[in-house]
Structure formats: structure tokens, C-alpha cells
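Q: I have a structure open beside its sequence, and I would like to learn how to read it step by step. Could we go through it together?

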Amino acid sequence: MSLGAWAGFSGTAVAADELATALFSPSSVSAESFAKLHGQLDSTFWTGGATIPAWAIQPGAFFAGFSLGFERWSWVYAKQKQSETLYAIHAGLSRRFFLPWQTRMIIYGYNLWCRQDAAYWDQQPGSPIREYWTLTTSIDGTVKDEATIDLPHARGDEAGVGPSPDPGDDADNATSPQNSAEDRWRYVSPVAAVMPLSTTTDAALDKGYHSIEVKVSGTIASPDNANAKLATPTGALWMLAIRS
Amino acid sequence: MAIVILEDGAAILAAEIEACWEAVRTVVNAQTVDTLRRKVFSHRSMPSHLAERFLGTSYGYDYTTSGTVTIDPAIYPFGSFSDADIRTNWQTAGVLNGVAAAGYQLKACYVLAFASIEVKEFTNTGSDYKACFALTAAIDGAAEARVDPSDDGFILSHDDVYGDTNLLGNEYVHNQCVIWTFIDKSASPTWTLNGLRLRCSAEGSVWTVGRATLGFFAVHP
């Protein structure tokens, strides 16, 4: 990138508008404008060469991010939560965050180990009851379905002998106990993005404070809901914001 | 190159300003990478991004509703993790191909693409099952293919995942699969990303994708 020559004033007198254009012309982005040095070093002038070394750019000029982890057990009891409108906010996966500039895109997600109390009730006769937990992610109060996770039942009803849900174990399946083993904790790691799209209503986030929350709700049948809980031993929320 | 301090009542001459401007330009244009200080540029000097083309789409369905992406092995059978098989036999669960399918015209850049899938359930038919996923890209008009052979994944399950052999209905597994891939086009002045696809196939059972997201962004070097 280089500054082109300025033809100078059109007349012999100083013209304020012409001087302004030569110094700073954000609208016309003229080749000779000093605006190229301050505020217009963008792809308009970029011809494909790597002319600015990475070390010359301040960290945080284009990207910002964080990772917030927790490493202490937390519990949410089903007795407290029975629907997505009656929920608990998972404190380890929720926070306010500050964006120093308007974003073009935000990639976010979390990693979480879960040990959920949820059973498959094989009522005989009667329709089976599937208990599950839901982790709903929302940004600024808007639910993000693509970053929402369901945690299925971790206990089965052995041999269909209802109605009590017995915990499964390795003996239930010689190949793998899979979901029926409570000691096999569920690991979830949803990834999603907030970005301006023509096909959705998502929009870029302005600079300032925003919030991301992971809400815990459970669909747990009685009498399990007296004691059932979602335990999360460790996890981390992360976010990468790219400026506009 | 500074403007001469004026006497009281004197006029600023156009020629002086022009000379000053030219002097500054000469100094500026003489700067090289070697003269740059560390961290000299901030977001203030670069209000516009070096990255572009932030795009994506997402699919989200409630647990209680049927997913709109169903992988039927009778229609989309898994054959192998080969690009040819993926192109021929696998289902497209999501696609990004730009405006009017013309693709994305990009400069030299790095592209980071991602896909996140949550499989809601599969229909238990009494055998072992797997759902397979791949993230593919079509670049510069070439055939759709994975950027890296590892840009795929699968979810394996089998009957009786809950220890109840009497259950032959839908198994609610809610397993996840996340794929990231990296496209290095830093040496190509201009190129076209014709599209990204999330492909899927199944073996042994019908699977339902409950939630998924597909996106990418490009960063200039």
C-alpha cells in the first residue's frame, strides 16, 4: 500500500472541502487520502499480498475471546425444574461478556461432563416414560436451538419388568453398556455461531455488554423428581468474537 | 515538513499545504515492514476487518418434534468414507453455496469451517447401527470432497442401549458429532469456494438429526 500523489487544490486558494478530502475521505476513499493511514486499512486497499506482519497488529484488534472453566461439582435438582420456562441458570456456563467493537461473527460453545439422573420407565401396561434433561443456551435472552442439548435417560428398565427403573449395568449388554450405565458420564460439546445471515434473523452483536446463559431444565417424572438431579463435575464455556 | 508558524494576520497558502502534504506522503511511503513497531496497528487504524465471508446456517428442533433431517440407510446407505461414495450416496443435511449457488469469491485466505450435529434418535431394529457424517467442500469448480480425510465422523450405537431387550422402538440417544476443517488458500490470490456441505449416511437403522449447524469464516493472511 502506498499513498498516491495529490493533485493539490483546484485553485490558488485553500479550499476546506478539498483539504478534508485529501486528509480524510471515508466516503470516497480516494487513493491519495490520508484516511488510508488511519481508519481505512481494509480490504479496499488490499491487493492480496501479506504486507502487514502479524506482530505489528495489537492483540485484540480483530479477535477477542475467553474460556471460562469450572472445576467444582454443581448440582441442579429436578424438584426445582420442570420445564424450559422453569429453569436454573448454570452458573459455571453463564456470564456477561464485553465486546470492544461490533462483531461480524461469534463462535461459541461449551464442554461439559454430565451425570444426569434420568430413567426410562417402561410402564406395562402403558406408554413408556422417557425422562431427560435439557441444557438451553441463550444469548441476550434469545434461545439458540443449535446450541441446545438434551441429555437422555441414563437408566433403563431391565427386561421390561416395570414399573421401577433399574439402573443398567455392564451385564445388560455384553458389547457396551452405552447409555444405560450411570457411571459413564455424558460429555457434550455444542458449537454454534452468531452471524449476520440472509437466511435467518441472526444479527451481529454491537459493542458493549452481552450475556450468554445455559439454562438447566428437566422433564422428570414423579416420584423421581423428588431426588433426581443433574450433576456437572467440570466444564468450560468459550467464545471467540471476530470484529466487523 | 511542518507548516510555518504564521504571523498574525498572514494567510495560509495553498502551496504550503500542498508541500506539507507531499512531504508527509514521501515519509509515509518510505516506510517498510522493517520500520514498523510491534503492535503499532490497533483496531482504531483498522476499523474494517481483515476477515470476510462469515456465513452459516443452523437447524434446531425441539426434542418433542420430529427432526426434519432423517437418514434412512435404504436411501442413503453408508458404503465407505471415500469422497466418491460421499458424493454419490450420502444425504445432504446442510449446504452453504453462496448467492444463487454461485459460491463465494474469495481472496487469499484461510477458511475455518465447522459442523455440529446432534443425533436425536434411531429406530431400533435389532442390530448394530451407525450414522456417518462428513464435511465437504467444492473449490474452484472441482468435485465436492473432504478437505482432509479426517473431516468426518460417526456415531455408533446398537440395540438395547438402555438395557431393555424388550424395547424395539425409538432409542433416544442424543449423541453429538462435531467436525472442524481448515482450508489453506493463502497462496491463491483469488479463488472460489463453490460450497460447503454437511453429508450424512446411515447403516442398519434410520437416524434422526435433531440439531445441526454449519458455518465458516475466512481470514486473510
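Q: Which strand does E5(A) pair with in the antiparallel sense over two bridges?
A: The general idea is to look for bridges that link one strand to another. In this predicted model, strand E5, residues 103-116 of chain A, pairs with E13(A) in the antiparallel sense, and two bridges connect them. To see this pairing at the level of residues, find A:Gln116, which stands opposite A:Leu230 in E13(A).

Q: What else is joined to strand E13 of chain A?
A: Strand E2, residues 74-77 of chain A, is joined by four bridges to E13, residues 229-232, and the two strands run antiparallel. Here the residue to look for is A:Tyr77, whose bridge partner in E13(A) is A:Lys229.

Q: How many residues of strand E12 of chain A are buried?
A: Burial is read residue by residue along the strand. In E12, residues 208-219 of chain A, nine of the twelve residues are buried, so that the strand is mostly covered.

Q: Which strands pair with E12(A)?
A: Among them is strand E3, residues 88-89 of chain A, which pairs with E12(A) in the antiparallel sense over two bridges, and A:Ala88 has A:Val216 as its bridge partner there. Strand E4, residues 95-99 of chain A, also runs antiparallel to E12(A) and is joined to it by five bridges, whereas strand E8, residues 132-139 of chain A, pairs with E12(A) in the antiparallel sense over eight bridges.

Q: Which residues touch the most other members of the largest nonpolar core?
A: A core is read by asking which of its members touch one another. The largest nonpolar core has 87 residues, and those touching the most other members are A:Ile106, B:Phe133 and B:Cys200. Leaving aside residues up to four places away in sequence, A:Ile106 touches A:Ala193, A:Val194, A:Leu205, A:Met239 and A:Ala241.

Q: Where in chain A does pLDDT stay under 50?
A: Confidence is read first for the chain and then for its stretches. Chain A averages a pLDDT of 76, with 71% of the residues scoring at least 70. Over residues 159-178 of chain A, however, pLDDT stays under 50, although the model has 48 contacts beyond four places in sequence for them. The pLDDT is also below 50 over residues 197-202 of chain A, a stretch with eight contacts in the model beyond near neighbours in sequence.

Key. Residues are numbered from 1 along each chain as its sequence is written. Chains are lettered from A and ligands numbered from 1 in the order in which they are written. This is a predicted model: local features need pLDDT of at least 70, side-chain atom pairs count only at pLDDT 80 or more; totals for chains, interfaces and linings use all residues. Two strands pair if DSSP finds at least two bridges between them. A nonpolar core is a set of buried Ala, Val, Leu, Ile, Met, Phe, Trp, Tyr and Cys residues joined through C-beta atoms within 7 Å. A residue is buried if 20 or more other C-beta atoms lie within 10 Å of its own, exposed if 12 or fewer, and partly exposed in between; C-beta atoms are placed from the backbone. Two residues are in contact if their C-beta atoms, placed from the backbone, lie within 7 Å. pLDDT is the predictor's confidence in each residue, from 0 to 100.
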